[in-house]
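Here is a friendly tour of one model, moving from a helix to a sheet and then to a ligand. Please keep the view open as you read.

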Amino acid sequence: MLSSNPVRGACPHDCPDTCALLTTVENGRAVRVQGNPAHRHTDGVLCAKVSKYAERTHHPERILTPLMRTGPKGSRQFTSVSWDEALAGIAARLGEIAARDPQAILPYSYAGTMGLVQGESMDRRFFHRLGASQLARTICATAGGEGLVHTLGGKVGMRVEFFAESRLIVIWGSNSIGSNLHFWRYAQQAKRAGARLVCIDPRRTETADKCHEHLQLLPGTDAALALALMHELIVHDWLDHDYIARYTLGWEALRARALQWPPERAAAVCGLPVAQIRQLAQDWGTTQPAAIRLNYGVQRAHGGANAVRAVACLPALTGAWRQRAGGLLLSSSGAFPVQRAALQRPDLLAGRTSRTINMVTIGDDLLRPASPTFGPKIEALVVYNSNPVAVAPDSAKVVQGFAREDLFTVVLEHFQTDTADWADYILPATTQLEHWDVHLAYGHTDVLLNRPAIAPQGQARSNAQIFRDLARHMGFTEPCFDDTDEQLCRQAYGEAVDFEHLLAQGFVTLPGPEAPFAQGGFPTPSGRCEFHSPRLAARGLDPLPDYVPNHEAPGQSPQYPLAMISPPARNFLNSSFVNVQSLRDIEGRPLLEIHPQDAAARGIADGSVVRVFNDRGSHACHAVVCERARPGVVNGLGIWWRKLGLDGTNVNQLTSQALTDLGEGPTFYDCAVQVEALASR
Ligand SMILES: Nc1nc2c(c(=O)[nH]1)N[C@H]1C(S)=C(S)[C@@H](COP(=O)(O)OP(=O)(O)OC[C@H]3O[C@@H](n4cnc5c(=O)[nH]c(N)nc54)[C@H](O)[C@@H]3O)O[C@H]1N2
Ligand SMILES: Nc1nc2c(c(=O)[nH]1)N[C@H]1C(S)=C(S)[C@@H](COP(=O)(O)OP(=O)(O)OC[C@H]3O[C@@H](n4cnc5c(=O)[nH]c(N)nc54)[C@H](O)[C@@H]3O)O[C@H]1N2
Ligand code: SF4
Ligand SMILES: [Mo]
């Protein structure tokens with residue numbers, strides 16, 4: 001059942017904005033995808049990437065039939081097979097492995113689509129019923145998430161629209177113009193009304209260019225900066241004592257910790273001028289309403305969770321939460337009443353406790369033999385909504401794992417990605433324009449519905465359909481494997497959201513207070529903003545936020561003196577869109593930004609080919625000599641497909657599988673490297 005033109009949908013991508021889409025269809029083809037002007041956050045505007053959605057959907061390289069490997073692993077030799085052949089072949093192999101130990105089977109998925117149906121419903125039912133290993137989906141946000149949970153109590157914060165009324169906005173670890181465009185539009189409104197904008201980022205981003213002030217700190221040093229800001233708030237008494245007394249926990253302990261961080265100490269750690277730290281403290285302490293847009297860029301280093309904890313204390317110290325345009329936003333996803341148990345049916349485990357594998361360490365885990373602590377060797381991998389060979393850290397290990405002859409790999413995809421290259425079977429998945437879904441957001445508080453605009457292309461099937469079909473081939477007879485995609489859409493929020501309203505309008509705003517913590521009421525166990533976390537203390541961990549140095553601290557290693565960060569490229573979405581020619585033309589080629597001083601010391605000219613390397617690997621790309629990089633830090637914008645790189649690698653050849661302080665997250669931006677001019681060798 002297709003709707004009339006233009007069709008209302010939701011952007012499926014892993015982006016805080018979750019835009020409302022309008023798709024125009026002509027003769028069964030999507031010809032235009034636009035932003036819905038009726039949705040206030042989208043306001044009729046899409047980013048450049050999703051404006052190209054019709055080009056991505058009708059791409060000549062879409063995978064349109066099931067494919068079975070015919071050549072050696074990784075040879076990219078496949079033949080078309082029917083759905084029945086593919087499903088029967090996969091079910092037979094999974095069944096044979098499961099008969100020995102279902103935990104030898106591992107799903108691997110992330111947020112290729114953030115849809116609750118195509119991302120986390122029938123797939124989870126299937127793997128729960130099978131008793132497969134579970135995946136800890138940590139690759140993006142768990143460190144920051146844990147930091148927030150142990151301070152504010154959940155992934156909750158300011159309503160994004162009220163940033164438009166703030167007088168001071170601190171954009172902390174976010175290139176908003178590139179990756180949170182619709183927040184940036186609110187920040188622009190505030191700027192036009194006279195607000196001051198401050199950016200905290202090791203890279204001189206296009207967002208930093210447009211802010212009044214840029215603190216270009218060393219990566220992984222944000223907690224030191226936040227503690228020094230607290231120090232200044234304390235010594236100048238820029239504090240809201242009443243708010244602190246009523247609504248926070250552990251003030252005296254935090255005060256003692258912060259007093260150990262005079263700005264001079266932080267300046268040395270962060271590589272910042274002392275005056276800049278003092279100025280920001282004064283701005284934060286004396287401006288109301290003041291707001292922080294914290295983003296996930298701060299938490300991709302060893303101390304990521306502590307950094308988020310430290311920053312999340314700042315609004316409570318000054319009582320910024322009292323106003324609706326004050327406080328902090330990292331993620332709003334905790335506000336959504338998703339009925340996960342109904343969608344995912346963990347009860348299908350039926351008392352079995354299956355092990356959990358961290359998706360960040362897939363490189364090591366694919367190479368691990370069976371052992372009493374690890375359990376069985378991973379024998380089968382079912383990948384969907386993710387491209388781990390390109391996006392997971394320490395690629396050399398990941399590739400070695402995927403190349404194992406004895407590993408059975410199924411990939412559900414739109415395209416022949418770096419991961420699909422290693423598959424035994426590739427199954428053609430529908431795109432957002434071809435299936436139903438329902439969404440939450442992590443940068444606003446609206447639920448969105450996605451209706452299919454066009455029929456599935458070729459023989460593509462939705463992820464939910466594919467897992468339904470696999471369940472049938474495996475002989476699973478529980479009625480929950482009959483639920484259609486539309487029924488799953490209704491189950492996602494159950495009674496918590498008016499589905500008829502969603503069907504009629506395409507989006508629904510969640511109810512909630514304008515200033516959620518104006519009078520405390522934090523969703524922590526104490527109901528207070530927890531500077532001191534009893535839960536962390538109970539785990540034997542530091543209950544106060546602290547500066548936790550990087551695993552690979554900038555400048556520490558004589559061999560690898562440069563710190564590399566690899567933040568998103570504006571025209572890609574992680575590794576998605578890299579194969580859309582019009583967008584790739586804008587990004588050009590894989591590159592490394594390097595400061596003129598660091599380039600000169602190495603004889604590197606702008607545009608030349610360089611080799612970036614450390615003990616984990618080596619990656620060739622083109623140097624851009626510019627001041628977007630600060631001295632001592634190089635920026636390798638991500639995430640290119642390996643096969644489109646100069647030497648078949650991308651930046652993740654260099655990143656490590658080391659984890660964060662809390663949340664077992666990745667440390668992509670905690671990575672020491674050396675760079676050399678290739679021509680000089
Ligand atoms: N165009 C585009 N948009 C995206 C994505 C994309 O790939 N492309 N990815 C999406 C995804 S998956 C996510 S998780 C979100 C959020 O993704 P984020 O990680 O918040 O991405 P950015 O907004 O680029 O912000 C990262 C910024 O943090 C900076 N940074 C790096 N290290 C540090 C540090 O130690 N401290 C501080 N203060 N800053 C640091 C980087 O230079 C970069 O400018 O964005 C989403 N939006
Ligand atoms: N060096 C470095 N590495 C990083 C990061 C970084 O900043 N630097 N960022 C990290 C972060 S924040 C994240 S979130 C991860 C993201 O990593 P991933 O979640 O793997 O994201 P993508 O690379 O976009 O890959 C998603 C894949 O899902 C496919 N897909 C989309 N929709 C569907 C669908 O409906 N069905 C199926 N079957 N497939 C679909 C797309 O075609 C695409 O190939 O990468 C991480 N890796
Ligand atoms: S990627 Fe983000 S900004 Fe672009 S359309 Fe999707 S939700 Fe909107
Ligand atoms: Mo992410």
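Helices (H or I, at least four residues) and strands (E, at least two) are DSSP runs, numbered from the N terminus. This is a predicted model, in which local features need pLDDT of at least 70, side-chain atom pairs count only at pLDDT 80 or more, and totals for chains, interfaces and linings use all residues. Residues are numbered from 1 along each chain as its sequence is written, ligands are numbered from 1 in the order in which they are written, and side-chain values use heavy atoms, without hydrogens and water.

Let us start with the helix. Just after α20, G475 takes a positive phi of about 85°. Helix α20 itself covers residues 463-474. Nine of its twelve residues are buried, so α20 is largely enclosed by the rest of the structure; buried means under 20% relative accessible area (1.4 Å probe, protein chains only). Among the buried residues are F467, R468 and D469.

Next comes an open sheet of three strands in the order β1-β2-β3, with antiparallel pairing. β1 (7-10) and β3 (29-35) each have a single partner strand, so one side of each is left without a neighbour in the sheet. Strands pair if DSSP finds at least two bridges between them; β2 (residues 20-26) and β3 have six. One bridge joins L22 to Q34 in β3.

| Residue and part | Ligand 1 atom | Distance |
|---|---|---|
| G173, backbone | oxygen | 3.2 Å |
| S179, side chain | oxygen | 2.3 Å |
| A569, backbone | nitrogen | 3.3 Å |

Taken alone, ligand 1 exposes 890 Å², and the protein buries 98% of that (Shrake-Rupley method, 1.4 Å probe).

Definitions and conventions. Expected span 1.5 Å × (residues − 1). Buried < 20%, exposed > 50% of the residue type's maximum accessible area, 1.4 Å probe, protein only. Polar contact = N/O pair within 3.5 Å; in protein donor to acceptor, adjacent residues only side chain to side chain.
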